[in-house]
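Trainee: Could you take me carefully through this model, one question at a time?

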Amino acid sequence: MLVRSVYAKKLKNSRGEETIEVIVKTEKGVVNASAPFGKSRGIHEANAFVENVEHDVRIINALDVRVLDIKHRLDIIYVEKKLRGKIGANSMLALQLALLKALAKKQGCELWQLFTRRFKPVRMLGNVIGGGMHSSARKPEFQEFLFSPRTRHMGKAVLINKKVYSIARSLLKKYDPRFKGKKNDENAWETTLNNEQVLEIANLVREKVKERYGENVDIGIDIAASTFYDKRSKKYVYENVKLRKQEQINFVARLAKKFSLLYLEDPLHEEDFDGFAILRKKLKKILVVGDDLTVTNTERLKKAIKKKAISGIIVKPNQIGSLIASEEVVELAKRHGIAVIVSHRSGETLETGIADLAIGWHADFVKFGVAGKEREVKLKRLIEIEKKAGV
Ligand code: PEP
Ligand code: MG
């Protein structure tokens, strides 16, 4: 029997919200796993809990451990079938992750090695300047200004992004008269500049990194457009202007070209597959990425594929509440040449399993942030995996 006992409890995430931790005792020792919490959540995401976290904790604590006896990673499907509808997406994720950690321990391998024996490094995407729902002023409207060092050496990428983070701070200090050195939910810098002004700063950061360290970094943005889309008027509401769909497409396409962006996440609201398709066609060399659009859901990904809406997809296992379904999304995306970006949530815990999943699934990118202990443990785990893999 893999599991001797299972125990769930409430845990506060980086934003102070309640989430869940699952602790599993095995004959080889104790493992634990927890689930994060998003703020700019897609409307099609699964519910984090059934009723509330206490309810799910009670259900897990009353489980007969024989239900949890897995011998292969895919056996978690049986656990899922038994508990579907009885616990929420966060609880299912924490439980499945804890079981896989227990299985890896039993098999004497690393968590990521349950998925693959071949190590493939990922590129880093780090949120350096922030806005939208993650920032106190909800400004600028775009949620994340991301940097991606053009290297697959993960240890090196983490160091470069640290430099990016500190250069961004000094440039904001210089160009934003109201900059106070404040950090948002993901520890990205808060600014009073507008979207285009932040991109100007991002461009300067990119130039400075090249000039000082000889390193190339690419810029990306998560617009999280649903968070400032007004369904009634069908307009994107900016501080000084309201844009219709076509105007939003033109605005975003202009910025993407002007700043030679690598990456564009959720440029339109979460139901606009056709708008995404227009942008993808216009911006052939840029990754047009679905997050709230696709919510790690196979059916929504199938629709996006049919409509040629995206060239990249965010994978957040707690959007769907199943590691099996998340893996299906990864496989389907890969079969269609869609880049896979495994991502943290804005309200994070000290969980590092997401780093193993990214490596195990052979993701193309990870979006784990840059600063703050909840982000740093994940980056450290990537470096540890890289080192152990002998790279
Ligand atoms: C995102 O939108 O990519 C994100 C990480 O935000 P949240 O976790 O708040 O959904
Ligand atoms: Mg997003």
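Trainee: Which residues lie nearest the centre of the largest cavity?

Mentor: This is a predicted model, in which local features need pLDDT of at least 70 and side-chain atom pairs count only at pLDDT 80 or more, while totals for chains, interfaces and linings use all residues. Residues are numbered from 1 along each chain as its sequence is written, ligands are numbered from 1 in the order in which they are written, and side-chain values use heavy atoms, with hydrogens and water left out. A cavity is a set of points, on a 1 Å grid over the protein atoms alone, where a 1.4 Å probe fits but cannot get out, and its lining residues have an atom within 4 Å of a point. The largest cavity has 16 lining residues, and those nearest its centre are Pro36, Leu93, Glu348, Glu351 and Ile354.

Trainee: Where does ligand 1 sit?

Mentor: A molecule sits in a cavity if more than half of its atoms lie within 2 Å of its grid points. By that rule, the place of ligand 1 is the second largest cavity.

Trainee: How far is an oxygen atom of ligand 1 from a polar backbone atom of lysine 39?

Mentor: Lys39 is among the residues that come nearest to ligand 1, as are Arg345 and Lys367. A polar contact is a pair of N or O atoms within 3.5 Å. For the side chain of arginine 345 the distance from a ligand 1 oxygen to an N or O atom is 2.8 Å, whereas for the backbone of lysine 39 an oxygen of ligand 1 lies at 2.6 Å.

Definitions and conventions. A residue is near a molecule or strand if one of its heavy atoms lies within 4 Å of it. A polar contact is a pair of N or O atoms within 3.5 Å; within protein, one must be able to donate a hydrogen and the other to accept it, and residues adjacent in sequence count only if both atoms are side-chain atoms. On a 1 Å grid over the protein atoms alone, a cavity is a set of points where a 1.4 Å probe fits but cannot get out, and a pocket is an open set with protein on both sides within 12 Å along at least five of seven lines; lining residues have an atom within 4 Å of a point.
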